[in-house]
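Hi,

Here is the structure I promised to pass on.

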Amino acid sequence: MAEKTYDVTELFGSDVFNEAVMKARLPKAIFKELMKVMHGNAELTLPIAEVVASTMKDWAVEKGATHYTHWFQPMTGITAEKHDSFISPVGDGTVIMEFSGKELIKGEPDASSFPSGGLRATFEARGYTAWDPTSYAFIKDNTLYIPTAFFSYSGEALDKKTPLLKSMDAVSKQALRILRLFGNTTAKSVVATVGAEQEYFLVDKKTYDKRKDLIFTGRTLFGAAPVKGQELEDHYFGVIKQRVSDYMKDLDKHLWALGVSSKTKHNEVAPAQHECAPIFESANLAADHNQLMMEMMKKVALEHNMVCLLHEKPFAGVNGSGKHDNWALSTDDGQNLLNPGDSPMENAQFLTFLVAIIKAVDEYADLLRLSVATAGNDHRLGANEAPPAIISVFLGEQLEDVVEQFVDNGEATSSLEGEEYISGVHSLPHFQKDATDRNRTSPFAFTGNKFEFRMVGSTQSIADPNTVLNTIVAEVLCDMADKLEAAEDLPMALHDMIKDTIAAHKRIIFNGNGYSDEWVVEAERRGLPNIKCMVDAVPALVKPEAVEIFEKHGVYTKAEMESRAEVMYETYSKTINIEALTMIDMAKKQIVPATIKYQTSLAESVNAIKAASSAVDTSVQEALMADISTNLKDMYAALAHLEEVAGKAEAMEEGAEQGHYYHDVVFTAMDELRKPADKLEMLVAKSAWPFPSYGDLIFEV
């Protein structure tokens, strides 16, 4: 049967109350005013909201919606929603469908049951959601979803959207000051744009259901290495299996209908690993759409009897999953400020923004590291896969040459114009090479007209890293603008600033192999931080310098930053505690009983053989039994130790001390329990082992 076709241009955004729908349905004057609101040039008024709400409701009901929800992003890192129907009784036993401007603008979810880091107590339940008109409403599961910000009764941000929006305003304001110095009087805003590549694993649902560790924690806590992994590198960009291809096609349909511009799909490095990448858009929309992408990946996988794993490291010894955050700055009239052009040494504007970013990354490397710090990402960063935990900037040889010439000579004579690529095969076309190569080991790589921040974890909201990135760049641009605006000779001041900034911060530039042991030594010599785990990263959030810049640019208050630090410690401790308890449960109820049962069957077999004939050699069976006994004894001792330290950790007061104890003591005890258990998996017959192996999981789809 031929596959059913559809018009992608008609499908795309068909479930979104986007600008085209608004223009077609709203009165012309209301549409014009709403556009001003969306672009930050006017305040939203209740009369406008009333018209928009009525129109939005009519559109949603026509498409089958019966409910609406304020969709927000609390500090859990995922989304939240409370559904209300459109029905309104009219007094005669019937109802009408209504939706007011007040209901559109404001919601009132319980604020006490979400992570708040002390900003809200259990008895302080009131919180508000406020419509974010810069992110389009959409329909999913017969419900109108309204993207919103979430904050407390006393005004503190309790979500990830609000700080992101504030950081976007901050970097826009400071970037415009720089642009004005270059004579740009037409740009009204500068937009931080993001394209977030999403990596993920697919496993069979029946196999997944037999692994309690995957169900409870998202990663395998036990598992011996498979006989074949990713060493042949045959999965990367390989032919997509039909079952996975069918999944990807359905995923595209869901995403396109929701206005998510799913562009690229392919097999990733590890078996069962894949990637989906969208087209660039504003950081706020990108954050919303990435949440939708993760949700749809999981939902569509179940429809195909598979499970989508988004954990940063679901399988030990196999490449983990990241979320490459491609970040750039663009004016509202379409100019990419990170586009070097053909001759960047003549492009002072490009170099100004480039060195500002280099300085920001160097001075606030610990904040960037903090922005990607999660318990899951601890397994991935520095684990001999992209990227290491040390922050550095990759520029490429040509651009680094331009930078070095500025330091040495105060000017550059090289060009970044790409050379012509000649293959040597007469039938292949010639084309211009890119000005820079790619470096998969770099945490923060310039890739032609954007920076690729490769440290973001696959489960993370991209709001946090982009909030930090926007804010630290805004701070450096602000400092530059202050000096340049006061300069008597602007060209000379600009020239000296570019040269001095490069000279002061070139230590952060590294084009080599970020995986190498030599780089660790070299980075230490340069004085670059190497923050290996989440609990060591958190203090950066509350240091005085960080509080100063976030408050200066109106992104966070000190109280909001302190609360987020507490949430991070609490989340880390809870994550490791759940993993430890899951290991204990699996070891006690599955591995130990299965091993003893197999050991007993071996003993019975040996006794039966000996009873039949004393001449038969049973040394192999007895050696196997001895090996099993040794590892079982080691495992049981490690199990008892893990129970002891996990209990002690759980009884500690929440905060930094508990987080460090979980990392230093409990996590180490978990690793000690895993070692003998994984050895036992290789000794016990597959038919007797209580759950599927790595080979079953990553090669069964």
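Helix α18 covers residues 544-552, and its buried residues are A546, V547, I549 and F550. Buried here means under 20% relative accessible area, with exposed being over 50% and partly exposed in between (1.4 Å probe, protein chains only). Just past the end of α18, G554 has a positive phi of about 70°. As for the element names, helices (H or I, at least four residues) and strands (E, at least two) are DSSP runs, numbered from the N terminus.

Before you read on: this is a predicted model, where local features need pLDDT of at least 70 and side-chain atom pairs count only at pLDDT 80 or more, while totals for chains, interfaces and linings use all residues. Residues are numbered from 1 along each chain as its sequence is written, and side-chain values use heavy atoms, with hydrogens and water left out.

Now the charged pairs. The structure holds 34 salt bridges, each one a side-chain nitrogen of Lys or Arg within 4 Å of a carboxyl oxygen of Asp or Glu. One of them joins the side chains of K160 and D464, at 2.6 Å from N to O. K160 sits in the loop between β9 (143-152) and α6 (161-181) and D464 is in helix α14, so this pair ties together parts that are 304 residues apart in sequence. K160 itself counts as buried, at 12% relative accessibility.

With R177 in helix α6 and E485 in helix α14, the pair links parts 308 residues apart in sequence. E485 is partly exposed, with a relative accessible area of 42%.

Then there's E452 with R454, a salt bridge whose closest N and O atoms are 3.3 Å apart; both residues are buried. Salt bridges with shared partners also join D132, K161 and D288 into one network.

Last, G13. Where does G13 lie? It is in the loop between α1 (8-11) and β1 (16-17), and G13 is buried, with a relative accessible area of 7%. Leaving aside residues up to four places away in sequence, G13 touches N18, W256, A257 and G259, where contact means heavy atoms within 4.5 Å. The C-alpha atoms of G13 and A523, 510 residues apart along the chain, are separated by 46 Å.

Cheers
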